Amino acid sequence: MDAVSYEQRDVRRARYAVAAVFAVHGAVTGSFATRVPWIQDHAGVSAGQLGLALAFPALGASVAMPLAGRISHTFGARNALRGLIALWTLSLVLPALSPGLLTLCLALFTYGATAGMADVAMNALGVEVENRLGRSIMSGLHGMWSAGALIGSAAGTLAAHLGVDARLHHLLAAAVLTGLGVAACGWVLDLQPAEDEEPPPRFALPPKSALLIGAVGFCAVFAEGASLDWSAVYLRDELAASAGLAAACTTGFTLTMAVARIAGDKVVDRFGSVRTVRAGGVLAVLGGLLIVAAPHPAAAMTGFALMGLGIAVVVPLCFAAAGRSGPNPSQAIAGVATITYTSGLVAPGAIGGLAQATSLVVSFGLVTLLACGLVVFAGVLRAGDRDRPKVSRPTDAAVPDPRP
């Protein structure tokens with residue numbers, strides 16, 4: 001087998017490995033989300049205190065994500081991801097052990113910090129694999145994250161239904177997911193910095209290109225966060241839907257996002273990042289208009305489905321474009337990730353505050369307006385369509401060791 005064929009085989013294997021890491025990352029999130037009520041009762045915090053505590057994961061992620069590039073430079077991409085994904089999966093046990101508000105906030109800060117650093121590292125490796133394959137895979141990788149989140153949520157729902165203590169549930173989940181994540185990392189690309197390459201700064205402001213790309217991601221994540229947290233409330237309060245139908249709307253939105261991401265790579269390869277995001281923006285705007293004008297729950301559910309379909313591939317394409325926008329992919333990806341995490345943090349509160357002052361209909365009018373930004377500013381993702389080589393030149397650092 002010649003060197004190019006050998007590398008192609010290893011890059012394909014690295015693709016499946018990083019997809020498994022994405023699924024593990026998502027499963028941790030799903031496992032945690034389903035046990036929040038148990039964690040609230042165990043910590044003895046009020047709804048307002050819980051809301052404060054749940055801001056700490058995004059805060060931790062925003063603070064820690066710029067460190068991911070330095071860690072990858074110091075230890076190499078494979079070892080860095082192996083360590084960071086293990087820290088992230090093991091951090092799952094911390095919130096359920098917290099006896100009060102202060103410890104819960106500290107636990108969730110750690111949980112978010114490890115999540116953010118692992119997120120940057122795995123997205124950077126995903127972009128590198130995409131470059132070497134010469135075709136889009138980032139949407140599918142994020143689809144695997146969504147699938148992992150659904151699996152983690154399903155397991156957590158079963159555990160909650162059976163009355164399993166969340167400390168035991170999360171200890172077992174962390175053990176399984178740590179084993180799977182560390183094993184998968186043995187097959188990712190083992191990228192090493194060049195001998196004369198300067199290490200990235202420990203903390204640095206994101207480059208201008210990342211700010212523009214992040215603004216597009218901000219619009220998509222704002223719509224995602226608003227739809228996930230408020231779609232059921234919207235159907236119940238504005239359209240008098242039953243509790244079951246309202247919950248089904250949120251589930252349908254999540255499934256639409258997952259399916260669209262898994263299938264999105266073929267669309268991106270055919271039409272390119274810019275046209276895909278613009279078309280998605282049009283769908284999201286139509287969905288938003290249908291939501292705010294809906295006379296019946298079925299119309300609003302259709303609108304939320306269109307919203308999910310329209311925004312599904314935007315964040316993966318933002319990461320892909322950031323990874324090609326400058327000489328330091330990890331720094332650019334960290335910048336975009338910080339902006340999108342911030343959007344996810346502010347969206348639920350902003351929607352609630354505006355709804356309190358006006359109505360949820362007005363709040364989703366704002367979501368629809370932000371979705372227009374996907375259509376207008378999609379051109380900043382053009383870096384994701386440039387210079388995508390089929391296979392890079394074989395080098396010792398580029399060819400992964402086939403052994404974990």
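This report covers a helix pair, one aspartate and the cysteines of a predicted model.

Local features need pLDDT of at least 70, side-chain atom pairs count only at pLDDT 80 or more, and totals for chains, interfaces and linings use all residues. Residues are numbered from 1 along each chain as its sequence is written, and side-chain values use heavy atoms, with hydrogens and water left out.

**Helix pair.** Helices are DSSP runs (H or I, at least four residues), numbered from the N terminus. Helix α8 (residues 101–133) packs with helix α9 (residues 138–161) at an angle of about 145°. Their axes are 10 Å apart. Axes are lines fitted to C-alpha atoms over the stretch in contact, and angles run from 0 to 180 degrees between N-to-C directions. From α8, Met122, Asn123, Gly126, Val127 and Glu130 meet Met138, Leu141, His142 and Trp145 of α9. Contact means heavy atoms within 4.5 Å.

**Aspartate 10.** This residue sits in helix α1 (residues 3–33). Its side chain makes a polar contact with the side chain of arginine 13 (2.6 Å). Such a contact is a pair of N or O atoms within 3.5 Å; within protein, one must be able to donate a hydrogen and the other to accept it, and residues adjacent in sequence count only if both atoms are side-chain atoms.

**Cysteines.** The structure holds 0 disulfides (pairs of cysteine sulfur atoms within 2.5 Å). For cysteine 372, the nearest cysteine sulfur is that of cysteine 219, 9.3 Å away.

**Accessibility.** Buried means under 20% relative accessible area, exposed over 50%, partly exposed in between (1.4 Å probe, protein chains only).

| Residue | Relative accessible area | Class |
|---|---|---|
| Aspartate 10 | 0% | buried |
| Cysteine 185 | 0% | buried |
| Cysteine 372 | 29% | partly exposed |

Methods
Helices (H or I, at least four residues) and strands (E, at least two) are DSSP runs, numbered from the N terminus.
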